[in-house]
Structures are given as C-alpha cells and as structure tokens.
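User: I would like a close look at a single part of this model, with its surroundings described carefully enough that I can follow along in the coordinates.
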Amino acid sequence: MAQTADALEHLTEISSQIEAAVVLDREGTVVAATVDDERAGRMAGAALELFRRADEQREQELVQLDAALEGGSVFVVRDADRLIAATTRAEPTVGLVFYDLKSCLRSLGEAPPEKPKPKPKRAPAKRRTTTPRSRTTTRKKKDESG
Amino acid sequence: MRAARTLVLGAALGSAAGAVLLRRRARSRDRVELYFDDGTLVTVGKGQPDAERLLSPARELLVAARG
C-alpha cells in the first residue's frame, strides 16, 4: 500500500498533465489514490465500468483506453492484476500519459529494492607507540637425523 | 457614432457565435480509443453505436476526479 502510494506520488511529480489518479484491483477495490477516499471510490467504480464495457467490444483483450471529453481526458491502463485510471486536462499528450501510467504500474509490480546490509564496523587501528619489531623468519629445523 | 455601435455589436455577436461553434466542435470531439492486446486500435466517436455506453462512465470518472 505504501509502495503504491509512493508510486502515485512519483507519477504526479513527473507528469504535470495528470490531475488525479487511482490504482484499483480487478474487483474495483481502491489500492491507492491521489484524491480522498470518497472521490477515489467513485473514480474506481466508473473506471472499472468503463473498462469492462470497453473490453466487451472485441474478443481480444483490452490493454488500455483513453477517452477525450469536452473538459478533459480520462485514461485507464491495466496490467496482470491491477488497473490505473487517471484524468488530465483537455488535449493532453496521449502517448506521454500512457507511458507514465505504464511506468507507474510496472514499478508497482517490481519488488522493493533490498536494503544493502551495513558493513560491520572495524575497530579503529591502534597506533603503534613502539618501534616495529624486526622481522623474524622461522627456519625449518634441519632434520637432525638426516 | 452609429457606425461604431454597429461595429461593436457585430463584433460581440460574431464572438458569441464563434464561442458556440467552438463549444459544439469540442462536444463533437468526444471519443474513446480502445487499444487491444493484438495491437488493434478502435475509435468510438460520438454518434456511433455504443459510444454513449462508453462515454457515460468516462464522464462520470472525470466528474468524480474533480469532485
């Protein structure tokens, strides 16, 4: 949930065209949204209805849609088990909005990056106060028997 | 003086007519584009069969987003 909210926050940061967005599952349950719960629920219901009706148009599976309306545009994109719906001002850059929405969905599908394990801290090296010992070599004792 | 008034009136009527035309044109642009997994794109425009079935929830979505 927090990861989804982060992804949506990132989406609205990178795309100035997107006014509102909601992520929902295939049953219409809101996963995260940029608007309050009441509006998010209404958006999710309308998006799911729109997507289902559009999906009935052909035998092939619908992957995305956009609707250009008088006061703005709406977009719905799906992945394996989620949908993302977004609204924009009128006449947006359609390709760019689709790209941003797909990137957002893709980022939700990825596992969160593992935090690198902190390296064990080494104890600070002690300063030598005495002169270093002279190197000693150990010789193998000659085999006295030989 | 009269000519000036007529000119102003004419300009006002002209701009009003232009606004109405633009609004009508914008309304007629209402359309839904559907992208299917086999790469096909289907455009359903206002006036076509099934258009209102798709445009209606799309409008609801836009209204809901704007509160």
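What covers the buried residues of α1(A)?

Analyst: In this predicted model, the cover over the buried residues of α1(A) includes β1, β2 and α3 of chain A. The buried residues themselves are A7(A), L8(A) and L11(A). Around the helix axis they cover an arc of only 100°, which puts them on the same side of α1(A). An α-helix has 3.6 residues a turn, so residues three or four places apart point the same way. On the other side of α1(A), by contrast, A2(A) and E13(A) are exposed. As for the length of the helix, the 13 residues of α1(A) should span 18 Å at 1.5 Å a residue, and this agrees with its end C-alpha atoms, which are 18 Å apart.

The strands in that cover belong to an open sheet of seven strands, whose order is β2(A)-β1(A)-β5(A)-β4(A)-β3(A)-β1(B)-β2(B) and whose pairing is antiparallel. β2 of chain A, residues 30–33, is an edge strand, as is β2 of chain B, residues 41–45, and each of these pairs on one side only. From one strand to the next, the twist averages 15°. Helix α1(A), made of residues 2–14, packs on this sheet by touching β1 (18–25) and β2 of chain A, and its direction makes about 155° with that of β1(A).

The remaining element named in the cover, helix α3 of chain A (residues 94–109), lies across β1, β3 (62–68), β4 and β5 of chain A and runs at about 145° to β5(A). Of the strands it crosses, β4 (residues 73–78) and β5 (residues 82–88) of chain A run antiparallel and are joined by six bridges, with F75(A) having A86(A) as its bridge partner in β5(A).

Between the two chains, 30 residues of chain A are in contact with 26 residues of chain B. On the chain A side, the elements giving two or more residues are β1, α2 (37–55), β3 and β5, and the largest share, nine residues, comes from α2(A). The residues of that side divide into 15 nonpolar, six polar and nine charged.

Notes. Residues numbered from 1 in each chain as written. Chains lettered and ligands numbered in written order. Predicted model: local features only at pLDDT ≥ 70, side-chain atom pairs only at ≥ 80, totals over all residues. Pairing = 2+ DSSP bridges. Helix = DSSP H or I, 4+ residues; strand = E, 2+ residues; numbered from the N terminus. Axes fitted to C-alpha atoms, helices over the stretch in contact; angles between N-to-C directions. Contact = placed C-beta atoms within 7 Å. Nonpolar A, V, L, I, M, F, W, Y, C, P; charged D, E, K, R; others polar. Expected span 1.5 Å × (residues − 1). Buried ≥ 20, exposed ≤ 12 C-beta atoms within 10 Å, placed from the backbone. Arc of directions from axis to C-beta.
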